[in-house]
Amino acid sequence: MLSSKEKRQLKALSNHLPYSAMLGKKEIEDGVLKTIDDALNAHELVKIRILETHDRSIKEEGELLSTSLNAEVIQILGRVITLYRYSPKKKEHLLS
């Protein structure tokens, strides 16, 4: 679990990140989860855009993604979910 100071630092870093994935009307598919998982392994911090046509609430989607990917929700702002997961494969970590 991250401290509030660490979350604040990650929120600041996420401001300039592009979206790693966009979720539309359909349920989350394995391919989308794989894409987000790969992005978390490579970057540790990812942003996911939820389109207006999506059926589920954004908070529910954030909880589902965090449990499926073993990541932590850093922020839900509007229709954007920011996730963080420590990656042992990465040489330089965001929270050092």
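The entries below go through a helix, a loop residue, a hairpin and the salt bridges in turn.

**Entry 1: what I am looking at.** I note at the start that this is a predicted model, and I keep that in mind for each value that I write down here.

**Entry 2: helix α2.** I looked up the length of α2 and found that it has 14 residues and reaches 20 Å from its first C-alpha to its last, which is close to the 20 Å expected at 1.5 Å a residue. I then asked which residues of α2 are buried. I found I36, A39 and L40 to be buried in α2. They cover an arc of only 100 degrees around the axis, and so they sit on the same side of α2. The general rule I had in mind is that an α-helix has 3.6 residues a turn, so residues three or four places apart point the same way. As to what this side meets, I recorded that the buried residues of α2 pack against β1 (19–23), β2, α3 and β4.

Entry 3: Following the chain onward, I came to E44, which takes a positive phi of about 70 degrees just after α2, although E44 is not a glycine. I placed E44 in the loop between α2 (30–43) and β2 (45–50).

Entry 4: I looked up H93 next and found it in the segment after β4. H93 and E44 are 49 residues apart in sequence, yet their C-alpha atoms are 7.8 Å apart in space. Leaving out residues up to four places away in sequence, I listed E44, Y86, S87 and P88 as the residues that H93 touches. I also noted that a polar atom of the H93 side chain lies 3.1 Å from the backbone oxygen of K90.

Entry 5: In helix α3 (residues 58–69) I picked out S66, which is buried with a relative accessible area of 14%. Not counting residues up to four places away in sequence, S66 touches A71, V73 and L83. I then moved on to N70 in the loop between α3 and β3, where I found a positive phi of about 55 degrees although N70 is not a glycine.

Entry 6: How many bridges join strand β3 to strand β4? I counted 5 bridges between β3 (residues 72–77) and β4 (residues 80–84), and the two strands run antiparallel. For Q75 I looked up the bridge partner in β4 and wrote down T82. There are 2 residues between the strands of this hairpin, where G78 takes a positive phi near 65 degrees.

**Entry 7: salt bridges.** The structure holds 4 salt bridges, and I followed up some of them, including the one in which the side chains of K7 and E72 meet at 3.7 Å, N to O. K7 lies in helix α1 (residues 4–14) and E72 in strand β3, so this pair ties together parts that are 65 residues apart in sequence. K7 is partly exposed at 23% relative accessibility, while E72 is buried with a relative accessible area of 19%.

I next looked up R85, which forms a salt bridge with D37, with the closest N and O atoms 2.7 Å apart. This pair also links distant parts of the chain, since R85 is in the segment after β4 and D37 is in helix α2, 48 residues apart.

Another entry in my list is the salt bridge of E61 with R56, where the closest N and O atoms are 3.7 Å apart. I found E61 to be buried with a relative accessible area of 0%, and R56 to be partly exposed at 24% relative accessibility.

Definitions and conventions:
Residues are numbered from 1 along each chain as its sequence is written. This is a predicted model: local features need pLDDT of at least 70, side-chain atom pairs count only at pLDDT 80 or more; totals for chains, interfaces and linings use all residues. Side-chain values use heavy atoms; hydrogens and water are left out. Two strands pair if DSSP finds at least two bridges between them. Helices (H or I, at least four residues) and strands (E, at least two) are DSSP runs, numbered from the N terminus. Buried means under 20% relative accessible area, exposed over 50%, partly exposed in between (1.4 Å probe, protein chains only). Contact means heavy atoms within 4.5 Å. A polar contact is a pair of N or O atoms within 3.5 Å; within protein, one must be able to donate a hydrogen and the other to accept it, and residues adjacent in sequence count only if both atoms are side-chain atoms. The expected span of a helix is 1.5 Å times one less than its number of residues. The arc is that of the directions from the helix axis to the C-beta atoms.
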